[in-house]
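Hi,

Here is the model I promised to pass on. Have a look at it first, and then read my notes below.

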Amino acid sequence: MLRKSKVRIAAMRMNRRKFLGRLAATGGAALLGRASQAIAIDNFPGYRDRYGVLVDTTLCIGCRRCEWACNEWNKLPNKPIKSFEDKTVFDTVRRTHAGTFTVVNRHIDSNDSKPVYVKKQCMHCEEPACVSACFVKAFRKTPEGAVVYDASVCVGCRYCMIVCPFDIPAFEYDEPLTPLVTKCTFCFDRISKEGGVPACVNICPVESLRFGRRADLIKLAHERIRNNPGKYINHVYGEHEVGGTSWLYLSAIPFDKIGLRTDLGRTIIPKLGKTFLTAVSVVLVSWPVLFTGLYVFSRMSSKSSRENMPSTKMKAGKDG
Amino acid sequence: MDRSPESLSWVQEKIFLGKTFREYLKSNLTLSNSIAALILIVAIPTMAYRFVRGLGPSTNLSDINPWGIWIGIDMLCGVAFAAGGFVMGTAFYILGLKEYRIFVRPAILTGFLGYLFAVVGLIFDLGRYYRLPYPMFVSFGVTSIMFLIAWHVALYLACQFVEWCPAIFEWLNMRKARQWFYRLAVGATIFGILLSTLHQSALGAIFLLAPGKLHPLWYSELIPLFFFVSAVTAGMSMVIVESSLSHRVFRNQVAHIDHGHFDRLTISLGKAASAVLLTYFALKIIGVAHSNSWNLLFTHYGYWFMFEILGFILLPAFLFAYGVRWKNVRVVRFTALLTVLGIILNRVNVCIIAFNWNAAVRYYPSWMEVVITLGIITLEILAFRWIVNRMPILYDHPKFESSH
């Protein structure tokens, strides 16, 4: 509890500093006028107080209670908590499925062949690919940071699963009539209430999971790296990956050794489609003109060729 | 509606091709029909099974491989092959290449049916197929490339239906409606060109958002352009393949067409296809250069990539050129078929083989997915034949002037 309130205070301090910075920036933007405002919109840094979770994989003991608590809170098919102590599930690397929002996997540290346990769930991206890909707006990024799904409009096309860089959304393939896409909700129904933390964080007995404001957690993560020289890889996974994620990871061994992709870079996935969508409007406006021009030109040339001689025209390659 | 003066009933004349019901049934006892029947006897219960039991029991789709052949083949290939409609529409209406007139109606019909059955395939694939109109009426995900596709495919289907309408009303002998749609058809064609350009490329653009999953040799910022240009080659080749098949199958309907003339037109289409294929090849090379993935060419996926672009883009480009140079219509027809196969290979590569290339679990279709796809293709061919046997698609209706 003490630590929690400390974090809150740090958060407030942080926020004020940020707020002052933002104020200065806004002032500058106001002076510069419209153009720089447009740039500012593109650089929207996210809602200030959004939450995150810091996962310290060096602390996780692989008890899988988070899995149990997740199932319990989200009313997913569950088993007695005792059965989660079964270590044989670690023999295979698992992923999220319908009815499983989170899984803990075991990876082996090749240096000392000790197990490293890594929890996997929706990363709640800052710039979620699923949100931009959904053609019925079934996904939404909330100011709290959660990426939530609205089943009432979902068509079941599974494009969200195609674009998710972390392979998180799952589909109820065995549901013939009303299949849902399922994924971690960040316990939105808990965290949106004052003092609420996700069920998995709440149950974690070793505080491997830490819930808080994302900005504070990033600071905390870097502090841990600094204060424990040699313990961690000097990188907070999720700080910048695909433009940043709400869930952040610390690790003692390279992240690609614990099942987290390191080839994703900072590429903001929704931006990848933007150039195309811009080109669409260009085509929309210019094609009618271009093709009318071609039409007029072909009319003119056919008239002149008719006047010259009755030849059969050969068609040259036509392309876009 | 004025009926034909003979003693035949309307149904006999329009539906049973002027035969009595018994004669009509008898005339349908052919080898090709029995093959079609055989496929459908298996496919239709399988289709029912998919709807009753869901995607899980009927497909090999999974959380890691959410898209299979219903997207890769039915949707992506179906739409690419339907490009003949807009390619011929452009050549005929915009560029004023009037000699291509004999290709226009069949291409538009192929296009319409291609899209229609692509949507049919999609219905099998969608988890909640009954919500298909949601992006149009209920919830608008305007940032999605898929949203663009949904709208364009819907609008384009309507466009192609309008383009097809004159033939329907000629068949029904409804002069007024025919004239009305005849005038509308030109506008629909032009609007359709716009829509086609956009969604042919949009189908490629879908994959822009999956850079970590599509193999770098296939993933490219140029992928929308690849899809568009290859759709143009697919459209042209499909017109060649489809017309040469039609001229064999519906021999009596094309008796009036001079075969020498038809062959010359086929060759000139081949000439255009050759040029576009070369463009496509150049773009593919630029794509590799752009993402600087030369080093990947000499890996297993690299060989597969080269197999595709050398064997199914560059080779047909040269074969078409060869066929044109030596006026060899057989070479042109064979090459068109090769190009069509190349398009299938490309779409399957992008959607299935090179997709999730680094995943632990790979996808291959279940027998039910294959059977349903075969069933859909069979239905499409039957629909095409049913229409061509009745409506003036391959020939001009004698009662209606062809004042294109």
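Predicted model: local features only at pLDDT ≥ 70, side-chain atom pairs only at ≥ 80, totals over all residues.

**What I found**

Chain A contains 10 helices and nine strands. Of its 320 residues, 38% are buried. If you take the contacts in chain A between residues at least 6 apart in sequence, 60% of them join residues at least 24 apart.

One hairpin in chain A is worth a look. Strand S2 (residues 103-108) of chain A pairs with strand S3 (residues 115-120) of chain A in the antiparallel sense, over six bridges. To find your way in, go to Val103(A), whose bridge partner in S3(A) is Lys120(A). Six residues lie between the strands of this hairpin, and in the hairpin Ser113(A) has a positive phi, near 45 degrees.

Now for chain B, which has 15 helices and zero strands. Its radius of gyration is 22 Å, close to the 22 Å that the globule rule gives for 404 residues, so chain B is as compact as a globular protein of that length. The C-alpha trace of chain B spans about 70 × 55 × 40 Å along its principal axes. Buried residues account for 50% of the 404 residues in chain B. As for contacts in chain B with a separation of 6 or more, 79% come from residues 24 or more positions apart.

How do the two chains meet? On the chain A side 58 residues are in contact with 56 residues of chain B. Which elements of chain A each supply at least two residues of the side that touches chain B? They are helix H4 (129-133), helix H5 (159-163), strand S6 (170-171), helix H9 (269-272) and helix H10 (274-308). H10(A) gives the largest share of that side, with 12 residues. By residue type, the side of chain A that touches chain B divides into 34 nonpolar, 11 polar and 13 charged.

Cheers

How values were computed
Residues numbered from 1 in each chain as written. Chains lettered and ligands numbered in written order. Contact = placed C-beta atoms within 7 Å. Helix = DSSP H or I, 4+ residues; strand = E, 2+ residues; numbered from the N terminus. Nonpolar A, V, L, I, M, F, W, Y, C, P; charged D, E, K, R; others polar. Rg over C-alpha atoms; globule rule 2.2 N^0.38 Å. Buried ≥ 20, exposed ≤ 12 C-beta atoms within 10 Å, placed from the backbone. Pairing = 2+ DSSP bridges.
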